Amino acid sequence: MNVSVRPAVDLSSGLEDVPVLFEGLTLPTFQYSPDNVQGPGCTVDPSEVTLPGCSCLSHSCPTESCSCLQTHGQAYNCTGTLLELSRTDFGYCSPVFECNALCTCSDTCSNRVVQRGLRLKLEVFNTCNRGWGVRTLEEIPHGTFVCEYAGEVISFGEARRRQLGQRSEENNYIIAVREHAGTGSITETFVDPAQVGNVGRFLNHSCLPNLFMLPVRVHSVIPRLALFAGRDIDAQEELTFDYSGGHTSQNPVELLSTQSDADVQASRTDGLQRKACHCGANKCAQFLPLDLSILS
């Protein structure tokens, strides 16, 4: 008996150091990009180096003298695992700053993690009731960087236009990062991987996820949206994150901290249709979050 075996397809077409495997007959229509790209309304090129670098000459930056670590703190241990694994437990997180292209330290410095790109074997597959999904083909320890949520960086106006123009059967991929500077000022970043994106665009929502998202700055002031393992994850397990940005069993809207934040969400989701959540968690919120955002 002749059994034909379909060759494995790399969804990234070699753009990732590790192939992104694809299980399916029809390839999704989009342009693969491992990194954020400048989209409509974005005034800053995400690839432009705008942050200062350290002058360390050692293999890995020492915490006592590195200007990057002194200014922003140490985010990873020597193996590249996050040190503060509870940083999103209350719906808020602090951004991570890595060494960048202007730093003189080694490319293997322990403060260079997200910028190294995908290191895990992931597979995009067709789920039973939630369209495409992503599963890991290997075990992932708690705190490990998994992948970015990369796409077009766009303005709020463009994000709003795209959301309102969507048909009810279409997916909303846009993530909003709202960062509170502590002085009343708020910086917002909108990322949409619908047309240009990476493997992160296929991750499904869960009200009880195994990943959490952190804004990570490397070369640019525009953050990279990095996803880390929120617990030890088994091989063949589907990878999910909370589209509202949390990593708890709270209802997503409870992650908004103040009345002003709730007012912002209400104004921005006016006119958008709610979609049912099929994550299957015991404390499922029943609906997907309308305002996909993380707060920091």
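The pLDDT is the predictor's confidence in each residue, on a scale from 0 to 100. For the present protein the average pLDDT is 84, and 81% of the residues score at least 70. Over residues 248-269 the pLDDT is below 50; in the model this stretch has 45 contacts beyond near neighbours in sequence, a contact being heavy atoms within 4.5 Å. The model is predicted, and local features therefore need pLDDT of at least 70 and side-chain atom pairs count only at pLDDT 80 or more, whereas totals for chains, interfaces and linings use all residues. Residues are numbered from 1 along each chain as its sequence is written, and side-chain values use heavy atoms, with hydrogens and water left out.

Aromatic contacts were examined next. Rings of Phe, Tyr and Trp (its six-membered ring) pair if their centres lie within 6.5 Å; planes under 30 degrees apart count as stacked, over 60 as edge-to-face and the rest as tilted. By this rule, nine aromatic pairs are counted. Phe 156 and Phe 190 form a tilted pair, with 5.8 Å centre to centre and 45° between the planes. Phe 156 belongs to helix H2 (residues 156-164) and Phe 190 to strand S11 (residues 186-197), so the pair ties together parts that are 34 residues apart in sequence; helices (H or I, at least four residues) and strands (E, at least two) are DSSP runs numbered from the N terminus. Phe 190 is buried, at 7% relative accessible area, while Phe 156 is partly exposed, at 35% (buried, under 20%; exposed, over 50%; partly exposed, in between; 1.4 Å probe, protein chains only). Ring pairs also link Tyr 76, Phe 145, Phe 212 and Phe 228 into a cluster.

The charged end of Arg 201 sits over the ring of Tyr 173, 4.7 Å from its centre, and over that of Phe 202, at 4.8 Å. The criterion is NZ of Lys or CZ of Arg within 6 Å of the ring centre and within 35 degrees of the ring normal.

Two residues other than glycine have positive phi values. Ser 13, with phi near 55°, is found in the loop between strand S1 (9-10) and strand S2 (21-22) and is exposed, with a relative accessible area of 65%. Gln 236, with phi of about 75°, is placed in the loop between strand S14 (224-229) and strand S15 (238-241).
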